[in-house]
Amino acid sequence: MGRQPLQASLMPIGIAFGLTLLFLWPCFQLPYHALPAQAGSSITVPLFNAWTIGWNAHSLANGLRGYWHAPIFAPDASAFAYSEPQPILWLVSPVVWLTGSVTFAYRFYLGITFFLNALFMTRVLRRCGLSLIAQSAGACFLLGNELWWANINTIQLLPIWGCLWCWDCILKQAYGRRSRGDRFSILLCLEFAFALTSVFLCSVHHGLFWCTLLPITFVGWFIFFPRRRLCFLKEWAVILGLAILFLLPLIVPMYSALRKFKTSRNDRTVLSLSANWEAWRQTPGARIHEFRSESELENDSTMGLFSRGLRPNGWLLMLSLLAACRPAMNVRRFRVATILLITAIAAWGLSWGPNLELCGVNLWNSLVTIMPPLEKVRSVYRYAYFVHLPIVCLAAMGVDSFTHLTASLSRKRIPRSLVGWLFVFTWLLSQLLFRPTVMLAAAPDLRVKPGWVEILSTTSQTRKPIVHLPFVTGYGEADFEQTTKFMLHGLQHLRPMLNGYSGFFPPTWYEDVKTLSGSRLTPEQFAALRKQGVALLVVDRQRFEPLEASEAALAGLSVNRIYSSDQQIEIWELAAE
């Protein structure tokens with residue numbers, strides 16, 4: 001009897017680990033020299049996330065001193081608050097310290113994410129009373145989901161295990177303590193608060209969206225368990241208070257930094273990144289329309305159109321419907337299925353953002369009024385993750401229904417377990433054979449310092465900012481690839497730079513774009529750089545006109561070349577006035 005609970009606990013771990021290896025095996029190649037990315041896409045976001053891993057590791061090694069003062073967007077002092085800080089990346093900081101490679105740590109974090117997604121999916125399904133077969137199917141459905149693979153570049157959107165952990169706590173709150181009656185549980189409150197906090201630690205974006213959907217679950221349990229309402233109210237009040245307390249060090253600096261410049265998303269951009277009928281008719285990864293950047297939309301009178309498919313897998317939808325057809329469906333499963341269905345419908349409606357109006361009322365604008373932090377959100381379509389997640393859970397319930405119906409209709413009385421495992425293995429094989437292609441894109445190996453990085457590390461005036469030229473070639477995502485590579489090398493020399501990339505850009509960056517536009521420098525631009533205290537110019541000769549070609553512009557200016565290499569990188573020293 002003692003072996004069964006142990007086996008029941010270890011089997012989901014083994015399943016999650018095995019599925020993670022199967023799905024991510026192609027991504028583990030070239031661990032030090034490349035990053036996995038969606039085929040045919042820009043690698044700006046993977047490079048930026050690799051830089052985020054490196055900065056988190058560096059800050060943690062230094063006791064989090066200057067955590068928000070990343071050496072980009074100089075002289076801004078809160079640069080790290082303009083994007084997803086992802087403190088959860090501290091988990092892989094030891095990997096960075098031991099290997100010196102952020103690309104290796106990137107893969108390690110990708111593996112942890114997939115493993116935890118699968119593990120918490122099995123926990124939730126197990127607490128719903130589903131069999132090991134259904135738990136395995138749910139993990140397969142989640143790890144092979146097209147929406148996740150279509151957005152493999154954006155690793156901050158891949159972790160969904162925090163939301164599953166919240167659901168696990170809710171099910172434990174409702175069903176996991178019969179022997180103790182309805183007594184208040186501080187341990188459960190702590191676990192739930194940690195679960196909710198983990199959603200924000202992985203992605204503040206997901207955390208905000210999850211907070212708009214979690215009340216649906218609360219109301220559902222409040223209705224289904226009238227005798228426990230007082231206990232639920234007490235526990236949820238404590239959970240909310242603890243979660244806010246845990247999140248204050250993360251949310252306050254970010255909100256303060258963004259509020260300082262009164263940053264908000266352009267209405268046209270939010271509208272263009274909200275879902276529509278065409279998006280929900282296409283599978284993830286399908287390109288519907290070419291999306292234009294926020295800056296392009298601001299300077300264009302025409303409306304940008306959403307560019308990604310969001311439709312859930314048709315087979316999963318069929319299995320979700322089948323979940324309601326199982327004979328003698330127990331009360332627990334009915335309650336869970338009802339809440340999952342309502343959550344999926346609510347997330348589907350919210351994914352439309354400003355595109356959805358009911359009776360003349362724009363629901364998204366009303367929600368932004370209630371929750372002001374949502375005005376910082378751009379990609380409203382990402383509510384689609386919270387449409388797919390309940391569907392995956394319902395589809396796992398449908399596997400139980402499928403095996404029951406198939407076994408009962410068979411004349412030879414085929415064992416249900418045989419039917420179930422055959423279905424799971426068939427589905428897994430199809431997912432592995434037809435999953436989206438992932439490319440391995442070259443990335444800087446930070447274990448080796450290029451010569452120009454050594455110069456930047458050893459020259460005097462290390463606190464004065466530098467600038468990489470060309471500054472930026474455009475406003476599209478692909479135009480920042482070189483910038484993000486320079487940011488990665490910035491982890492080696494740690495000198496503040498005017499360049500940068502993030503979710504938001506400070507006003508000083510837009511001024512620098514106007515000042516440093518073009519492929520050559522003028523005396524006026526030199527004067528502007530000197531006024532900002534720039535000490536060194538790092539010039540890419542392949543993409544920027546060599547400074548010595550502008551002798552007339554350099555006449556009378558104290559500009560000296562201190563480094564040149566075969567890698568087409570030059571360093572020029574700009575003397576102070």
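Me: In which helix does Leu 245 lie?
Reply: This is a predicted model in which local features need pLDDT of at least 70 and side-chain atom pairs count only at pLDDT 80 or more, while totals for chains, interfaces and linings use all residues. Residues are numbered from 1 along each chain as its sequence is written, and side-chain values use heavy atoms, with hydrogens and water left out. With helices taken as DSSP runs of H or I of at least four residues, numbered from the N terminus, Leu 245 belongs to the run of residues 229–260, which is helix H10.

Me: Does Leu 245 count as buried or exposed?
Reply: Exposed means over 50% relative accessible area and buried under 20%, with partly exposed in between (1.4 Å probe, protein chains only). Because its relative accessibility is 53%, Leu 245 counts as exposed.

Me: Which helices each supply at least two residues of the lining of the largest cavity?
Reply: A cavity is a set of points on a 1 Å grid over the protein atoms alone where a 1.4 Å probe fits but cannot get out, and lining residues have an atom within 4 Å of a point. The lining of the largest cavity includes Trp 167, Trp 221 and Leu 340. At least two lining residues come from each of helix H7 (161–175), helix H9 (204–224) and helix H15 (331–350).

Me: How many charged residues does the lining of the second largest cavity have?
Reply: About 40 Å³ of space lies in the second largest cavity, and among the residues lining it are Phe 471, Asp 479, Gln 482 and Arg 543. With Asp, Glu, Lys and Arg counted as charged, the lining has four nonpolar residues, three polar ones and, as charged residues, two.

Notes:
On a 1 Å grid over the protein atoms alone, a cavity is a set of points where a 1.4 Å probe fits but cannot get out, and a pocket is an open set with protein on both sides within 12 Å along at least five of seven lines; lining residues have an atom within 4 Å of a point. Grid points are joined across faces, edges and corners, and a volume is the space filled by probe spheres set on the points.
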